[in-house]
Protein chains: 2
Amino acid sequence: MSKILVQKFGGTSVGDPERIKRVANRIKSYHEKGYQLVVVVSAMGHTTDELVDLAAKISTNPPKREMDMLLSTGEQVSIALLAMALHEIGVPARSFTGGQVNIVTDGNFSNARIESIDTQRLNSHLEQGHVCIVAGFQGVDQNQNITTLGRGGSDTTAVALAAALKARECEIYTDVDGVYTTDPNKVEAAHKLDQISYDEMLELASLGAGVLHSRSVEFAKKYDVVIHVKSSFNYNEGTKVVSENLIMEKLKVTGVTLKSDDARMTIGDIPDKPGIAAEIFEVLSEKRINIDVIVQSTGKDKLNTISFTLPVSSVRDAKEGLEPLIQKWGAGTISTDENIAILSAVGVGMKSHSGVAASMFKALAEQNINIEMISTSEIKISCVISQDRGKEALRLIHTVFGLDKAT
Amino acid sequence: MSKILVQKFGGTSVGDPERIKRVANRIKSYHEKGYQLVVVVSAMGHTTDELVDLAAKISTNPPKREMDMLLSTGEQVSIALLAMALHEIGVPARSFTGGQVNIVTDGNFSNARIESIDTQRLNSHLEQGHVCIVAGFQGVDQNQNITTLGRGGSDTTAVALAAALKARECEIYTDVDGVYTTDPNKVEAAHKLDQISYDEMLELASLGAGVLHSRSVEFAKKYDVVIHVKSSFNYNEGTKVVSENLIMEKLKVTGVTLKSDDARMTIGDIPDKPGIAAEIFEVLSEKRINIDVIVQSTGKDKLNTISFTLPVSSVRDAKEGLEPLIQKWGAGTISTDENIAILSAVGVGMKSHSGVAASMFKALAEQNINIEMISTSEIKISCVISQDRGKEALRLIHTVFGLDKAT
């Protein structure tokens with residue numbers, strides 16, 4: 001097995017000089033065990049926000065190329081300081097910007113995608129026993145322009161480096177112990193998972209429950225990189241995100257989530273003719289509104305109803321986009337309900353175990369919790385329910401699918 | 001004449017968002033006149049100091065490579081913000097790190113020297129009408145490691161770019177109007193010079209009176225770049241630093257300076273044998289102490305006395321270095337006098353005009369100002385006098401050499 005280990009520390013872990021020293025000590029302990037270490041770091045604490053504020057004082061709409069030039073300095077400060085901290089405790093370390101280790105991306109500033117990584121320089125330093133500290137979140141395009149990778153970018157850098165270097169695994173350090181069956185703040189009985197598949201992790205991430213950003217998980221899945229989510233506050237084993245076929249006992253349900261910041265919007269009394277739904281979702285997509293559950297039904301008189309969920313914060317934007325359509329059609333009504341929650345169960349085992357949806361519906365019905373909308377994928381079932389009963393329903397389903405920790 | 005103009009703005013000029021906007025407006029006015037602009041900027045205000053403090057919290061002796069990685073972010077923030085400010089007022093601009101415009105240096109971290117600049121990328125952007133904003137103070141070595149150029153580094157970047165691009169001139173913006181005949185805070189009659197030669201500027205810089213760092217002037221002299229020192233607060237002509245043969249009327253004396261932060265150290269009663277002076281100045285050089293005026297005299301009994309001036313802040317260091325020598329010789333005494341000032345007159349005209357030194361000595365003698373030490377170069381005369389009479393002597397010499405402004 002490869003001796004190369006990639007470790008990623010987020011902005012909180014390197015938030016101040018003391019924390020940077022603590023991270024350095026952790027790295028030292030792995031270095032002493034004989035690992036060849038590549039460490040990816042984010043910008044310190046709120047640095048990125050501060051840089052964004054600074055830019056806002058100068059321009060309301062700064063060119064993305066220049067924003068990337070600006071924001072990439074945050075990670076550059078972190079890598080230099082961490083390399084100094086390692087040097088101070090006798091660990092040979094070198095810091096590298098994304099460009100210096102040839103993380104080449106497309107030219108899509110502020111949301112670039114990694115196209116290639118040339119590992120020659122890193123390998124040469126690893127062979128010399130150096131810890132390589134790499135700036136997360138950044139790369140360069142074909143013309144050496146600095147690019148950034150968008151949200152969760154440092155995770156993506158870490159996973160991409162692990163893939164390119166064929167590392168044994170990619171450790172992502174966070175402020176939680178790993179991935180839980182559900183939010184432990186909402187359900188006391190939640191427990192940490194030892195492992196989870198890429199697809200389950202992706203579903204959880206899209207439900208806002210994941211500690212990892214979707215893009216890094218997609219990358220890991222594509223290149224078969226084991227992601228190990230661990231706490232930066234202790235040395236416990238965390239949760240390994242792995243390929244589905246490495247998971248021996250496939251749970252029917254791995255995790256359950258509750259999303260309470262969505263609203264349901266209903267477009268009623270619209271003419272039932274082809275292309276209406278497309279028109280609606282084109283408008284919403286242009287406004288970059290995240291739609292989750294969608295239900296369409298035909299009533300009497302050939303009049304249609306389309307309901308969908310969207311973030312509460314996008315309701316106004318959505319209305320502004322849809323009202324002109326209704327005027328154009330000469331028919332239709334818009335109503336919204338913010339008192340909803342989306343309850344979801346995720347698990348690769350659903351593919352082979354039937355009856356998961358039925359168990360969920362039955363359990364909710366027995367408690368008189370009304371299901372207003374349903375949406376399913378191969379490994380996920382989502383139910384829209386009343387927000388007032390959200391937490392109760394979450395606890396119920398957690399228990400029903402056998403996720404409560406042993407007491 | 002080339003349409004390319006290099007402009008350099010220091011840290012004070014880009015100290016906050018409002019000042020950055022002001023600099024952008026100035027650049028716009030030149031852009032509208034049809035110049036092709038390359039703009040070099042330093043880090044904002046106290047950014048560099050803040051980064052140094054941050055490093056000090058982590059390491060007492062950070063590796064220089066990592067310090068350069070850290071400090072270079074300061075300029076990177078400035079260039080991005082200035083490019084945004086230009087974009088905001090409709091001027092097409094692109095920011096570039098030192099590495100992105102191929103400013104290649106040696107590998108001497110924290111004090112690197114520029115070895116080459118490949119101007120292809122800059123020329124291509126200039127031809128497209130873009131203002132090119134380049135980070136001062138930084139480059140990359142052959143292996144793409146980030147290097148910094150040491151004190152006055154941004155001036156050097158600007159001059160080097162002007163040389164490489166064959167620019168019409170290199171404007172250096174400061175908080176003063178240009179180069180004065182002497183410090184206007186000390187001598188009211190001081191006036192701004194229209195032009196000054198490289199060698200005169202170098203002498204003034206080494207006397208601590210120049211607004212430019214020596215290295216940038218040396219660079220300009222070597223590549224025949226006209227440096228134009230201007231104020232960032234108005235649009236007046238400043239002072240042009242040019243080749244001596246471009247100066248038609250060579251003044252006997254161009255500027256006079258008074259340096260009051262030096263002390264005189266005297267090593268007395270030392271054996272007169274070869275190599276003693278070398279030993280002394282080797283020790284001082286190892287401790288990186290700046291020596292200015294040196295006088296050696298042989299007394300009776302073949303015992304020598306060596307006097308020299310050094311910064312007051314280096315007196316303790318010098319003593320620590322010299323005391324072991326005296327122990328080794330078994331002879332010698334050290335005494336210091338901090339109540340001195342070094343009065344200097346600088347001018348290329350001295351080469352062809354005789355009697356400059358004599359005029360200076362005579363004027364001082366007439367006012368009963370005692371000259372304690374004398375040192376001369378081809379274009380400079382320095383006299384060590386009592387500090388108490390420094391300002392009086394400065395005004396006197398300024399008048400004697402006809403430098404007082406017309407009233």
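In this predicted model, helices α8(A) and α9(A) are roughly antiparallel to each other. Helix α8 spans residues 276-286 of chain A and helix α9 residues 315-329 of chain A; the two pack at an angle of about 150°, with their axes 9 Å apart. The crossing of α8(A) past α9(A) is right-handed. On the α8(A) side, the contact draws on Ile276(A), Glu279(A), Ile280(A), Val283(A) and Leu284(A), which meet Ala318(A), Gly321(A), Leu322(A), Leu325(A), Lys328(A) and Trp329(A) of α9(A). Sorted by class, the residues of this contact comprise eight nonpolar, one polar and two charged.

Helix α5 (residues 153-165) of chain A packs with helix α7 (residues 214-223) of chain A at an angle of about 10°, and their axes lie 8 Å apart. This angle makes α5(A) roughly parallel to α7(A). Helix α5(A) contributes Asp155(A), Thr156(A), Val159(A), Ala160(A) and Ala163(A) to the contact, while α7(A) contributes Arg215(A), Ser216(A), Phe219(A), Ala220(A) and Tyr223(A). The class count for the contact of α5(A) with α7(A) is six nonpolar, two polar and two charged residues.

Turning to chain B, helix α10 (residues 356-366) and helix α11 (residues 390-400) have axes that come within 10 Å and cross at roughly 135°. That angle makes α10(B) oblique to α11(B). As α10(B) passes α11(B), the crossing is right-handed. Here Met360(B), Ala363(B) and Leu364(B) of α10(B) touch Ala393(B), Leu396(B), Ile397(B) and Val400(B) of α11(B). The residues of this contact are seven nonpolar, with no polar and no charged ones.

Salt bridges provide a further view of the structure. Over all chains, the search finds 33 of them. One joins the side chains of Glu372(A) and Arg264(A), with an N to O distance of 3.0 Å. The partners come from distant parts of the chain, 108 residues apart: Glu372(A) sits in the loop between α10 (356-366) and β19 (373-377) of chain A, and Arg264(A) belongs to strand β14 (residues 262-271) of chain A.

Finally, the two chains can be considered together. At their interface, 42 residues of chain B are in contact with 42 residues of chain A. The area buried between the chains is about 3,300 Å², and carbon and sulfur atoms give 64% of this area.

Notes
Residues are numbered from 1 along each chain as its sequence is written. Chains are lettered from A and ligands numbered from 1 in the order in which they are written. This is a predicted model: local features need pLDDT of at least 70, side-chain atom pairs count only at pLDDT 80 or more; totals for chains, interfaces and linings use all residues. Side-chain values use heavy atoms; hydrogens and water are left out. Axes are lines fitted to C-alpha atoms, for helices over the stretch in contact, and angles run from 0 to 180 degrees between N-to-C directions. Helices (H or I, at least four residues) and strands (E, at least two) are DSSP runs, numbered from the N terminus. Angles under 35 degrees count as roughly parallel, over 145 as roughly antiparallel, 65 to 115 as roughly perpendicular and the rest as oblique. A crossing is left-handed if the near helix is turned anticlockwise from the far one by less than a right angle, and right-handed if clockwise. Contact means heavy atoms within 4.5 Å. Ala, Val, Leu, Ile, Met, Phe, Trp, Tyr, Cys and Pro count as nonpolar, Asp, Glu, Lys and Arg as charged, and the others, Gly among them, as polar. Buried area is the accessible area (1.4 Å probe) that two parts lose on being put together, summed over both. A salt bridge is a side-chain nitrogen of Lys or Arg within 4 Å of a carboxyl oxygen of Asp or Glu.
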